[in-house]
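Here's a quick walk through one model, starting with its rings and moving on to its strands and helices. Have the viewer open as you read.

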Amino acid sequence: MPEHPRCGFIALVGAPNAGKSTLLNAMIGSKVSIVSPKVQTTRTRVLGITIQGDAQMIFVDTPGIFKPKRRLDRAMVAAAWQGAEDADVIGVLYDVSRRSIDEDTRSIVARLKEQGREAILILNKIDLVKRDVLLGIADAFRQEGIFSDIFMVSAFTEDGVADLKQFLADRLPEGPWHFPEDQISDMPMRLLAAEITREKLFLQLHQELPYSATVETEVWEEFEDGSVKISQVIFVQRESQKAIVLGKGGQRIKALGSAARKELTEMLERRVHLILFVKVREGWVDDPERYSAWGLDFGAS
């Protein structure tokens with residue numbers, strides 16, 4: 001540990017699909033949170049940990065904040081606000097390709113105002129808009145009066161990410177590091193492996209499959225040759241959804257398994273034997289055990 005260490009929590013909050021998970025992965029330099037064009041992909045709080053100079057930066061990637069309608073929605077939004085309340089620094093992400101400030105982002109700003117919290121604004125996806133549009137959006141946010149600093153980045157191309165990372169490291173309080181130097185996340189490997197498969201599920205089926213699908217790692221067996229056997233179950237709510245995941249002649253699940261296996265092999269740096277099953281579990285979205293596994297509050301209101 002350095003002579004004068006700093007350490008703190010940085011919460012990334014924003015509307016669904018603002019790019020929080022992409023930015024987190026860019027900051028850490030490794031994949032710790034899944035990314036999908038489908039909104040609200042992140043279900044639980046994900047910690048990403050990185051070192052910048054003398055500072056250990058603990059990023060909290062939260063579910064997108066939006067107006068909740070279902071139990072799962074309410075639990076996800078509650079987890080997002082919990083992550084923000086405990087943070088030393090709050091970064092509000094906004095997707096500038098949306099052009100005008102959306103209702104979900106306005107509600108986030110309003111709540112931060114109510115709490116008397118100062119935040120930094122991170123305008124993301126700047127590669128998708130012209131400079132005059134970008135400056136107009138920045139000015140509109142500046143008038144809200146809660147943002148101490150405004151950064152313009154592209155999490156996808158990593159433009160501006162290094163400057164943002166250094167700024168955040170400098171803002172953290174002095175104190176000992178909370179995690180070992182080489183640790184990049186607090187997520188157990190079984191859960192992270194399930195999240196990787198769930199990402200591939202959404203990437204391949206986000207037009208066809210609703211949110212009523214989840215993935216659980218049931219077996220994690222390591223062998224003497226260094227390889228690992230991972231057995232996972234994809235749970236859906238109806239037989240028709242099971243048919244979608246399997247695909248004609250099982251082709252869809254084979255493609256899904258191949259994509260997940262490739263990424264897991266790269267991430268774990270060893271050979272992976274991935275076995276996927278699809279099962280129907282009606283009403284899993286109302287199962288308290290699922291919420292507990294994700295670190296969500298089943299009774300969130």
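Rings of Phe, Tyr and Trp (its six-membered ring) count as a pair if their centres lie within 6.5 Å; planes under 30 degrees apart are called stacked, over 60 edge-to-face, and the rest tilted. On that basis, a search of the whole structure turns up three aromatic pairs. Two of them are set out here.

| Pair | Centre to centre | Angle between planes | Type |
|---|---|---|---|
| F141 and F147 | 5.9 Å | 80° | edge-to-face |
| F151 and F167 | 4.8 Å | 55° | tilted |

The tilted pair, F151 and F167, ties together distant parts of the chain: F151 sits in strand 6 (residues 147–152) and F167 in helix 5 (residues 161–171), 16 residues apart. Helices (H or I, at least four residues) and strands (E, at least two) are DSSP runs numbered from the N terminus.

A word on provenance: this is a predicted model, where local features need pLDDT of at least 70 and side-chain atom pairs count only at pLDDT 80 or more, while totals for chains, interfaces and linings use all residues. Residues are numbered from 1 along each chain as its sequence is written, and side-chain values use heavy atoms, with hydrogens and water left out.

F141 and F147 are both buried, where buried means under 20% relative accessible area, exposed over 50%, and partly exposed in between (1.4 Å probe, protein chains only). F151 has 15% relative accessibility, so it counts as buried too.

Now for strand 8 (residues 228–236): eight of its nine residues are buried, so the rest of the structure largely encloses it. What runs alongside strand 8? Strand 7 (residues 213–222) is joined to it antiparallel by nine bridges, and strand 9 (residues 272–280) pairs with it in the parallel sense, also over nine bridges. Strands pair if DSSP finds at least two bridges between them. V236 is the bridge partner of A213 and also of V280 in strand 9. Strands 7 and 8 make a hairpin with five residues between them, and G226 in the turn has a positive phi of about 95°.

Finally, the helices. Helix 7 (residues 239–246) and helix 8 (residues 251–268) pack at about 60° with axes 5 Å apart. Axes are lines fitted to C-alpha atoms, for helices over the stretch in contact, and angles run from 0 to 180 degrees between N-to-C directions. Contact (heavy atoms within 4.5 Å) involves I244, V245 and L246 of helix 7 and Q251, R252, I253 and L256 of helix 8.
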